Structures are given as C-alpha cells and as structure tokens.
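Please keep the structure in view while reading.

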Amino acid sequence: MSRLDNFLSYILGNDKKLFSEVHVDQEVIDEITQIAIEKAPIEFVALLQGKVEDDVLHVDGLIFLPGETSEQGAVMQVLMLPPMSGAVGSVHSHPGYSAQPSNADLMFFTKNGLFHMIIAQPYNLDSIESYNTFGERMGFKVV
Ligand SMILES: [Zn+2]
C-alpha cells in the first residue's frame, strides 16, 4: 500500500492501526535541540523524515525547507507544499515554555503527516511534546 493510502486509511479512522509506537533517533533529538537553541527566539520548523515498519513509526532524519525560519504563521504556509518524499510529520519550536499546539498548529497537524513535535524552552528532550494528526499527545521513544 502506498504511503498516501496508509495515511488516508489512518485519517478515515479504519480499524487497522498504522503504528502504535514512535521511535526517534537520538541524532534527530540532538539536532532538534541544537537548532532550537541556535534559532531562538525565532521559531524554526522542519519536516520529520521516516517510515512505518512493523507497527512502529521510525523517525530518522530532518528535512529543511527554504524559509524554515520566519514569523509564526508564515512558517506553516511554507509547509503547505505538496508532500515530500519520506516526510512523516513536522517539528517546530516555540519561544516560551509552552509546547501546547496553537490553533494554527492543530489545523496544520490534521492536514499534514502522522506525527508532530513541538519543542519549547529550555529546548531539551524534556521540553519536547509530541502529537498525532488529531493533536492528541503521543509519546515517543529515543533510540
Ligand atoms: Zn506552534
């Protein structure tokens, strides 16, 4: 089944689950925390690269787009581009201590990808929150 079919059956709520666990490479976490610190107080955004295999969504890289740093809102429009190969979700930073998705974030989540991360200050592993396409919390394991 193609990735698009997978995604459609997922958002249409078919019983078959796409994945029940998310694994994120340590290197990806390191990169996210470093970039968030470097760019602060400007928000950064990137796409998550990965694949679903054996019930696990494995995130193994970041994809950066031109204009990855800009005013909030503009950032999200950049990501409304046609799906890129291997992109399974997104990560962005929040200046401040709340990693709660904004209304704009939630709208973006429902329209794009499978898994989304938000990193807030102080920009470390503990200040990352992650969500499924419905904006519900979904934890991950660092591998
Ligand atoms: Zn946000």
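Of the 143 residues of the protein chain, 32% are buried; a residue is called buried if 20 or more other C-beta atoms lie within 10 Å of its own, exposed if 12 or fewer, and partly exposed in between, with C-beta atoms placed from the backbone. The model is predicted: local features need pLDDT of at least 70, side-chain atom pairs count only at pLDDT 80 or more, and totals for chains, interfaces and linings use all residues. Residues are numbered from 1 along each chain as its sequence is written.

The chain contains four helices and seven strands, in the pattern α-β-α-β-β-α-β-α-β-β-β along the sequence. Helices (H or I, at least four residues) and strands (E, at least two) are DSSP runs, numbered from the N terminus.

**The sheet**

The seven strands make an open, mixed sheet in the order β6-β5-β4-β2-β3-β1-β7. Its edge strands are β6 (128-132) and β7, each of which pairs on one side only. Two strands pair if DSSP finds at least two bridges between them. Strands of a sheet pair through backbone hydrogen bonds, either parallel or antiparallel.

| Pair | Sense | Bridges |
|---|---|---|
| β4 and β5 | parallel | six bridges |
| β2 (residues 45-53) and β4 | antiparallel | five bridges |

The chain crosses from β4 through helix α4 (residues 103-111) to β5 in a right-handed β-α-β crossover; right-handed means that, with the strands pointing away from the viewer, the path from the first strand over the helix to the second runs clockwise. Eight of the eight residues of β4 are buried, so β4 is largely enclosed by the rest of the structure.

**Helix α2**

Which residues of α2 are buried? They are Val28, Ile29, Ile32, Ile35 and Ala36. These residues cover an arc of only 140 degrees around the axis, which puts them on the same side of α2; the arc is that of the directions from the helix axis to the C-beta atoms. On the other side of α2, Gln26, Glu27, Asp30, Gln34 and Glu38 are exposed.

The buried residues of α2 pack against β1 (21-24), β3 (56-63), β4 (87-94), β5 (115-120) and β7 (141-142), where a contact means C-beta atoms, placed from the backbone, within 7 Å.

How values were computed: Contact = placed C-beta atoms within 7 Å.
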